[in-house]
Amino acid sequence: MNQEFHYIVLDDSMTLGVNEICTLCRVGVEMVNELVNEGVLVPEGTSPETWRFSAVAIKRIQVTLRLQRDLRVNLPGAALALDLLDELEELRAQLKKIS
Amino acid sequence: MDYKDYYKTLNISRDASPEEVKRAYRKMARKYHPDVNKDVDAEKKFKEISEAYEVLKDVEKRKAYDTFGSDWRADQEFKPPPNWKSRYHKTSAGPGGASTEHFSDFFESLFGGGRSPFGAEDLSSFGREHHGRGDDLHAKVSITLEDSYHGAKRTITLNRTTDDGRGHLTIQPQSLQVTIPKGVIEGQQIRLEGQGNVGYGRGAHGNLFLEIVFEPHPLFTVSKRDVFLVLPVTPWEAALGSAVAVPTLGGKVDLKLPANSQTGRKLRLKNRGLSSKTQAGHQYVTLAVYTPPAETVEQRQLYEKMAKLMPYNPRSEFGG
């Protein structure tokens, strides 16, 4: 199969509004609100109508959903896990650099 | 087909209580969850423990499973007994329910329901009234640093539901060739629109999300877009400031060392990292001065001459 597919790299050069984020991640606006309040997502803009999310937010939402579903953690727990995972990744990268 | 020892998978005894089963599963699930554990085998392990738990948490399924387990020997090829009724084959999950999509053939031969959460006919009647976007698929794609540096094509194989054109849905392995765009970095996702599972009814296809994982490289390490290399140099190259051929992901480039460089000095090769269309990555070269061993009399004399000519105390900071 040598078909070419339309692809998009979900990096921080791409931003999305709250509705696009909801459609892509199949979550309600309520969930996005909660994630913003919990500090998991940090959008640009001051109100939900003007919020712009980096495309990196998609992965954060997906991981949060999977952690909630598979490990039965609540939202603050998932937020903590995400922060710790980020920190772990940074430490691992530093370790690789010095070893 | 191989027999699966679910008790061994969860590391519990055959007479473990339901609480022990749950505890063992939860502990292992936290440890091996693929979002938490970056090991390449974590995902496989997580599926195995999920499958084991799916059976052992359910009184009926566990009883049925134990019935085989007592007769089974390690050297036996596993086959369900001929009188095995498919009464367990109705444990299907609808859309949104727990997916058994990734469970083993062993599981499916006992409990069914795996590959197709509902029979093809059920699905089409379901589809007549409901239209919904197909499920999204997630996969990891492992690439080399060179793939990211230059951009590449990769063929991946994944199980997804497709429509055979006559309204029958099946799950089957399919290969697709995907473009690895230049400058993707580890952990980033690529979204392939409409390459997920087929939709319900007239619903659109789901999306495919590919997460980038880097294969370890023999020379370079990376941090985000930056590439790091430790460059061994001789004392005279470091002192005199020679031009040294340095490997980069795009081939060798000449790097002029500043004279009197020391071990640990960091030099930057601009834009030699994992640059995308919008963001630049650089290569950082850390010098490591390697001392040639003094093996012959002549070589030792040369070092002695250096000691006289260039009195130097690298430990002056220590005082004394």
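Me: What share of the contacts in chain B with a separation of 6 or more comes from residues 24 or more positions apart?

Reply: The share is 58%, where contact means heavy atoms within 4.5 Å. The model is predicted: local features need pLDDT of at least 70, side-chain atom pairs count only at pLDDT 80 or more, and totals for chains, interfaces and linings use all residues. Residues are numbered from 1 along each chain as its sequence is written, chains are lettered from A and ligands numbered from 1 in the order in which they are written, and side-chain values rest on heavy atoms, with hydrogens and water left out.

Me: What is the corresponding share in chain A?

Reply: In chain A, residues 24 or more positions apart account for 55% of the contacts with a separation of 6 or more.

Me: How many helices and strands does chain B have, and what makes up chain A?

Reply: Chain B has 9 helices and 11 strands; chain A has 4 helices and 3 strands. These are DSSP runs numbered from the N terminus, with helices being H or I of at least four residues and strands E of at least two. Read from the N terminus, the elements of chain A follow the order β-β-α-α-β-α-α. The C-alpha trace of chain A spans about 45 × 45 × 30 Å along its principal axes.

Me: Why is B:Ser223 called buried?

Reply: Its relative accessible area is 18%. Buried means under 20%, exposed over 50% and partly exposed in between (1.4 Å probe, protein chains only), so at 18% B:Ser223 counts as buried. B:Ser223 lies in strand β6 of chain B. Not counting residues up to four places away in sequence, it touches A:Ala93, A:Lys97 and B:Phe228.

Me: What fraction of each chain is buried?

Reply: Buried residues are 41% of the 320 in chain B and 41% of the 99 in chain A.

Me: How many residues of each chain take part in the contact between chain B and chain A?

Reply: 40 residues of chain B are in contact with 31 residues of chain A. The area buried between the two chains is about 3300 Å², and carbon and sulfur atoms give 50% of that. Buried area is the accessible area (1.4 Å probe) that two parts lose on being put together, summed over both. B:Asp35, B:Gln189 and B:Arg191 supply 19% of the area that chain B buries against chain A, more than any other three residues.

Me: What makes the pair A:Arg26 and B:Asp136 a salt bridge?

Reply: Their side chains meet at 2.8 Å, N to O. The rule asks for a side-chain nitrogen of Lys or Arg within 4 Å of a carboxyl oxygen of Asp or Glu, so this pair passes. The count between chain B and chain A is 3 salt bridges. By class, the side of chain B that touches chain A has 12 nonpolar, 16 polar and 12 charged residues. Here Ala, Val, Leu, Ile, Met, Phe, Trp, Tyr, Cys and Pro are nonpolar, Asp, Glu, Lys and Arg are charged, and the others, Gly among them, are polar.

Me: How do you know that strand β1 of chain A pairs with β4 of chain B?

Reply: 4 bridges join β1 (residues 7-10) of chain A to β4 of chain B, and the strands run antiparallel. Pairing needs at least two DSSP bridges, so these strands qualify. In β4 of chain B, B:Gln189 is the bridge partner of A:Leu10.

Me: What makes the link between B:Thr162 and B:Gln172 a polar contact?

Reply: The side chains are joined at 3.3 Å. A polar contact is a pair of N or O atoms within 3.5 Å; within protein, one must be able to donate a hydrogen and the other to accept it, and residues adjacent in sequence count only if both atoms are side-chain atoms. The 3.3 Å between B:Thr162 and B:Gln172 therefore falls within the limit. B:Thr162 is in strand β2 (residues 152-163) of chain B and, at 15% relative accessibility, is buried.

Me: Is B:Arg225 buried or exposed?

Reply: B:Arg225 has a relative accessible area of 9%, so it is buried. B:Arg225 lies in the loop between β6 and β7 (226-233) of chain B. Its side chain makes a polar contact of 3.5 Å with that of B:Gln279. Among the residues that B:Arg225 touches are A:Asp11 and B:Ser275.

Me: Where is B:Ser275?

Reply: B:Ser275 lies in the loop between β10 (266-269) and β11 (283-289) of chain B. At 13% relative accessibility, B:Ser275 is buried. A polar atom of its side chain is 3.0 Å from the backbone nitrogen of B:Gly281.
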